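Subject: Structure handover

Hello,

Here is the structure I promised to pass on. Please open it first, then read my notes below.

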Amino acid sequence: MSTPTLSRTLLSGSPEETHRLGLRLGQLLQLGDFVGLVGDLGAGKTHLVRGVAEGAGVSRSEVASPTFAIVYPYRGRLPLYHADLYRLADYDELYATGFLDLVGGDGAVLVEWLDRIPEAAPREYLRITLRDAGEESRELVAEAWGARPAELLEAWLPANR
């Protein structure tokens, strides 16, 4: 894997803070953005996803885990496609779902369990790894590959924050 264009690490002290971080990221998303999430069960991916969706203008009541649907579309200020790769075995199985047609399409894409099928990510994307940091705290490591993802990351988590 190549070296990211830009990276940031921060600590979230609670599920609510993780949600707020997601909210801010969702407000910044643009058409074509791809965000991949990595982390163990219970790492906080769902709190971040719910915040991203809310920030993108999706009603809280619409946000659900797409575990059984693989991809769940949301309508907000821009189309947001939320995918969960946990149950997929490999790239061929992902390909058969039609997921790849969404990448670079008419919305932003948010993918949980990207580490299970890393080749699902386009050449330019933002990856956020969430790790347990004790109690309710989580370490978030955000890495951008490419110009637009780096711009997104800098706007989301500026170096001088």
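Which residues does Leu 80 touch, not counting residues up to four places away in sequence? They are Leu 29, Val 52, Ala 53, Ala 56, Tyr 72, Pro 73, Tyr 74, Ala 108 and Leu 110. Contact here means heavy atoms within 4.5 Å.

Some ground rules. This is a predicted model, in which local features need pLDDT of at least 70 and side-chain atom pairs count only at pLDDT 80 or more, while totals for chains, interfaces and linings use all residues. Residues are numbered from 1 along each chain as its sequence is written, and side-chain values use heavy atoms, with hydrogens and water left out.

Overall layout

The protein has four helices and seven strands. Both kinds of element are DSSP runs, numbered from the N terminus: helices are H or I with at least four residues, strands are E with at least two. The order from the N terminus is β-α-β-α-β-β-α-β-β-β-α.

The C-alpha trace spans about 40 × 35 × 30 Å along its principal axes.

Take contacts between residues at least 6 apart in sequence: 66% of them join residues at least 24 apart.

Inside

Buried residues make up 50% of the 161. Buried means under 20% relative accessible area, exposed means over 50%, and partly exposed lies in between (1.4 Å probe, protein chains only).

The largest nonpolar core has 31 residues. Leu 80, Leu 126, Ile 128 and Trp 156 have the most contacts inside it. Two or more residues each come from helix H1 (15–28), strand E2 (34–38), helix H2 (45–55), strand E5 (108–112), strand E6 (125–132), strand E7 (138–145) and helix H4 (147–156). A second, separate core has 19 residues, including Tyr 81, Leu 102, Val 109 and Val 111. A nonpolar core is a set of buried Ala, Val, Leu, Ile, Met, Phe, Trp, Tyr and Cys residues joined through side-chain atoms within 4.5 Å.

Helix H2 has these buried residues: Lys 45, Leu 48, Val 49, Gly 51, Val 52, Ala 53 and Gly 55. They pack against H1, E2, strand E4 (79–84), E5, E6 and E7. Just after H2, Gly 57 takes a positive phi of about 90 degrees.

Loops

Gly 39 sits in the loop between E2 and H2. It counts as buried, because its relative accessibility is 7%. Beyond its neighbours within four places in sequence, Gly 39 contacts Lys 45, Trp 113 and Leu 130.

Trp 113 lies in the loop between E5 and E6. It too counts as buried, at 10% relative accessibility. Its phi is near 65 degrees, a positive value in a residue other than glycine.

Is Glu 135 buried or exposed? Exposed, because its relative accessible area is 78%. Glu 135 is in the loop between E6 and E7, and its phi, near 50 degrees, is also positive.

Surface and charge

The protein exposes about 7800 Å², with carbon and sulfur atoms supplying 49% of it. Those areas come from the Shrake-Rupley method with a 1.4 Å probe; for residues, only the protein chains shown count as cover.

There are 16 positive and 23 negative side chains. The centres of the two sets lie 4 Å apart. Lys and Arg count as positive, Asp and Glu as negative; His and the chain ends are not counted. Each charge is placed at NZ of Lys, CZ of Arg, CG of Asp or CD of Glu.

Best wishes
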